[in-house]
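Please keep the sequence and the structure in view while reading.

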Amino acid sequence: MQIQIEHILLQALMVLFPTVLYLAIFNDQPNKKKRTLIFALILMLTSGLAQVFAIEVDDGVILDLRMVPLYFAYVYGGNIVGLAVTFFYLLVRVILGGWGMVPAFIVLIIMTALIQLFAHSYQEWNTKKKMWVSATFIFSISTFLLLLGLFLLEISFSYTVFVTSILFILESSVVTWLVVFLIESHREKLQLVQDIQKTEKLNVVGQLAASVAHEIRNPMTSVRGFIQLLSASENLSKDEKQYVFICLEELDRANSIINDYLSLGRETNVKRHQTMDVVTEIKRSTNALSSYANLRNVEIIFNYEEPVYINGDPGRLQQLLINLIKNGIEAISDSGKIVITAVKSKREAVIYISDNGEGMNEEQIENLGLPFYSTKEKGTGLGLMVCLRIIKEMGGRLEVHSKEGTGTTFEIIFPLADEPLQSENTITEEDSVSV
Ligand code: ADP
Ligand code: MG
């Protein structure tokens, strides 16, 4: 028997071609469910093609790259896609038959179990690590499959079998390495395009903000002052007082929208950064929101054990906290709770803001922070965009955990600052901020 170079090359093509096809045509599919379904179908196609065009080493003993699509099904598609592709593979394998089935099944079970060990942390790795771990994993599995096959099936170990086996193992690893590279570089490209689009939108919003918002704020301040005077008048009926109250409330809302716009146009001023205690700032922010929360039957609970120092602009931090807590209050329809926790962990300060409101689905979470993205009738969709900008300014990051119908937790992580020698932030009862 000859070394089947053309079959070996064909195997690489059978895996690479559907991958490229998927990335070129389907990967931009915005609907996640459809994308996953197409991904699963493409992997099934790959697995089927790999088996149909397999390398026959001995009578009934075939080598093929179907482990590669199986591997990708688990690490990129999750367990459901993994199981679907596994099932499809088994189906084709049984139809094709042959002696190699037994070692193939044993390896399949071992491989699935091993993948579970790292599949959940896979997405957090960088591209290089993904490429090397994947290639090494497939290399080891292919080697193991071959040795097991040789041992169980007692194949006569000729020169041809030896060379074919080596080529097969190398091919499996190189193809895996290439597929990870293709998927990841395509992903990075998509991310870059999205980032550019986002930045463009942000710039437009920022410029508009600076020009319009400032001009509107001055006349509004005087209107608010006069209406406040009017509200103190004793000649007003109950209904009229209610109207005046609504006026004030709406003016405050307009003011906070203007603040959001203004802070988008503003350049970051790192010089104003100072060491501040997160606990103090959270207290100030919850104070400012207490009447807003009372009105909506929301209880705000704040847990902390010690001061937590970070570097940044206290005004900006309050703006961030107020935006997030306010969103939490607005997510609660009837009555509920906002639980805020400030803790130190290693070299980081972590603030959790949890609500037991309506929660969000995956699509909503993905859209968070996009300009004008809002699901509220009176929403502006600017709040979270401002929050993200403030967090970035202070060198922090934001994580969102949410479940529809259960609630949302925003986790804000900042680098911890050294404790100041003398505490400059003494907490006083009168601490307050305007919302
Ligand atoms: P706005 O509050 O004006 O709608 P934001 O940028 O503050 O704008 O929020 C954008 C969207 O994110 C909201 O409309 C809402 O759908 C969602 N959202 C933000 N925070 C929460 C939360 N705590 N619970 C549920 N949904 C939230
Ligand atoms: Mg908001």
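**Helix packing and ligand surroundings**

Helix α1 (residues 5-26) packs with helix α2 (residues 32-52) at an angle of about 165 degrees, and their axes are 9 Å apart. Because angles over 145 degrees count as roughly antiparallel, α1 is roughly antiparallel to α2. The model is a predicted one, and the values below should be read with that in mind.

*The helix pair*

- Two packed helices are described by the angle between their axes together with the distance between the axes.

*Polar contacts of ligand 1*

- An oxygen atom of ligand 1 has a backbone N or O atom of G381 at 3.1 Å.
- A polar backbone atom of G383 lies 3.3 Å from an oxygen atom of ligand 1.
- On the side-chain side, a polar atom of T408 is found 3.3 Å from a nitrogen atom of ligand 1.

*Cover and shell of ligand 1*

- Taken on its own, ligand 1 has 530 Å² of accessible area, of which the protein covers 95%.
- Two or more residues of the shell around ligand 1 are given by each of the elements α9 (314-331), α11 (383-393) and β9 (407-415), and α9 gives the most, with four residues.
- There are 20 residues around ligand 1, and those that come nearest are S374, T375, K376, T380 and L384.
- By residue class, the shell around ligand 1 divides into ten polar, seven nonpolar and three charged residues.

How values were computed:
Residues are numbered from 1 along each chain as its sequence is written. Chains are lettered from A and ligands numbered from 1 in the order in which they are written. This is a predicted model: local features need pLDDT of at least 70, side-chain atom pairs count only at pLDDT 80 or more; totals for chains, interfaces and linings use all residues. Side-chain values use heavy atoms; hydrogens and water are left out. A residue is near a molecule or strand if one of its heavy atoms lies within 4 Å of it. A polar contact is a pair of N or O atoms within 3.5 Å; within protein, one must be able to donate a hydrogen and the other to accept it, and residues adjacent in sequence count only if both atoms are side-chain atoms. Accessible areas come from the Shrake-Rupley method with a 1.4 Å probe; for residues, only the protein chains shown count as cover. Ala, Val, Leu, Ile, Met, Phe, Trp, Tyr, Cys and Pro count as nonpolar, Asp, Glu, Lys and Arg as charged, and the others, Gly among them, as polar. Axes are lines fitted to C-alpha atoms, for helices over the stretch in contact, and angles run from 0 to 180 degrees between N-to-C directions. Angles under 35 degrees count as roughly parallel, over 145 as roughly antiparallel, 65 to 115 as roughly perpendicular and the rest as oblique.
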